[in-house]
Amino acid sequence: MILNKETAIKTAEVLLQIKAIKLEPQEPFTWASGWKSPIYCDNRIVLSYPLIRNFIRENFAKQVEEIYGKPDVIAAVATGAIGIGMLVAEYLSLPFVYVRPEAKSHGRKNQIEGNLEPGQTVVVIEDLISTGGSSLNAVKALRDSGANVKGMLAIFSYGFDIAKENIKNADLDVHTLSNYDYLIDTAQRTSYIKESEVELLKSWRKDPAKWIPES
C-alpha cells in the first residue's frame with residue numbers, strides 16, 4: 001500500500017535518476033531465478049547518495065510513526081536493507097537488529113543479529129519486495145523469536161500477485177514508498193522510456209515467469 005502519492009512519485013524519480021532501478025525492455029536482464037525481466041532494481045545504491053538516502057530515511061521514519069507509532073525495535077532484512085534500516089533506527093533513536101536468510105552454522109548460530117526481547121514491538125525495513133519470500137522469511141524468524149511484528153515498510157515493490165497473496169497469507173501489514181505502477185508512470189512522463197515500451201513493461205508484470213521479450 002502507498003501512503004503518500006507525492007513521496008511515491010519522488011521516490012520513483014530518484015531511483016531512476018541514480019540508476020538504482022534500470023528499465024531496459026528491449027534488452028532485458030536475466031534474474032537469478034532465470035526470469036527475463038525489463039527491470040533491474042538494486043536499492044543499495046541509495047546509500048552512495050547522501051541527499052537521496054536522507055530522503056528515504058526520513059520518509060521511512062515518518063511513515064513508521066504515522067502508521068505504527070514508535071516501535072521498540074527497527075529490524076532490517078539482510079543484506080539489502082541493513083544500511084537503510086540502521087539509518088532509520090538512528091533517526092528514530094531506536095535499537096536495531098537485522099535478520100539473516102537463515103541461522104549461521106557456527107558461533108552462536110544466530111538468525112537475528114542484535115538484541116531482541118520477546119514481546120517487543122518491531123517494524124521491519126526492506127529494500128525491495130519481489131515475490132515476498134525473503135521478506136516473509138525474516139518476519140517469520142522475528143515472530144518465532146517472540147517479537148510482535150507490527151508491519152513492514154519497503155522502498156519499492158513490483159506488485160506481483162504472488163507477493164500480494166503471500167503477504168495476505170502471512171497476515172502482515174506492508175507499505176512501500178513507491179511501486180511499479182508509479183515507476184512506469186514516472187518513466188513515461190519523464191521520457192525515460194518510449195511510449196511504445198509502456199505496454200511491454202506492463203505485460204511483464206502480469207506474468208513475469210513466462211514473459212518473453214519482443215524480438
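This is a predicted model: local features need pLDDT of at least 70, side-chain atom pairs count only at pLDDT 80 or more; totals for chains, interfaces and linings use all residues.

Colleague: How many bridges join strand 9 to strand 10?

Modeller: Two strands pair if DSSP finds at least two bridges between them. Strand 9 and strand 10 run parallel, and the number of bridges joining them is five.

Colleague: Thanks! What is the strand order of the open sheet?

Modeller: Its edge strands are strand 7 (112–113) and strand 10 (174–179), each pairing on one side only. The sheet has six strands with mixed pairing, in the order 7-6-5-8-9-10.

Colleague: Is strand 10 largely enclosed or open?

Modeller: Buried means under 20% relative accessible area, exposed over 50%, and partly exposed in between, with a 1.4 Å probe and protein chains only. Six of the six residues of strand 10 are buried, so the rest of the structure leaves this strand largely enclosed.

Colleague: Which residue in strand 8 is the bridge partner of Ala76?

Modeller: Strand 5 (residues 73–77) and strand 8 (residues 121–129) run parallel and are joined by four bridges. For Ala76, the bridge partner in strand 8 is Ile125.

Colleague: Which residues touch the most other members of the largest nonpolar core?

Modeller: A nonpolar core is a set of buried Ala, Val, Leu, Ile, Met, Phe, Trp, Tyr and Cys residues joined through side-chain atoms within 4.5 Å. This core has 69 residues, and those touching the most other members are Leu142, Phe156 and Tyr158.

Colleague: And which helix gives the most to this core?

Modeller: The top contribution is seven residues, and it comes from helix 2 (residues 50–68).

Colleague: How are helix 1 and helix 2 oriented to each other?

Modeller: Axes are lines fitted to C-alpha atoms, for helices over the stretch in contact (heavy atoms within 4.5 Å), and angles run from 0 to 180 degrees between N-to-C directions. Helix 1 (residues 5–17) packs against helix 2 at about 150 degrees, with the axes 11 Å apart. Angles under 35 degrees count as roughly parallel, over 145 as roughly antiparallel, 65 to 115 as roughly perpendicular and the rest as oblique. The two helices are therefore roughly antiparallel.

Methods
Residues are numbered from 1 along each chain as its sequence is written. Side-chain values use heavy atoms; hydrogens and water are left out.
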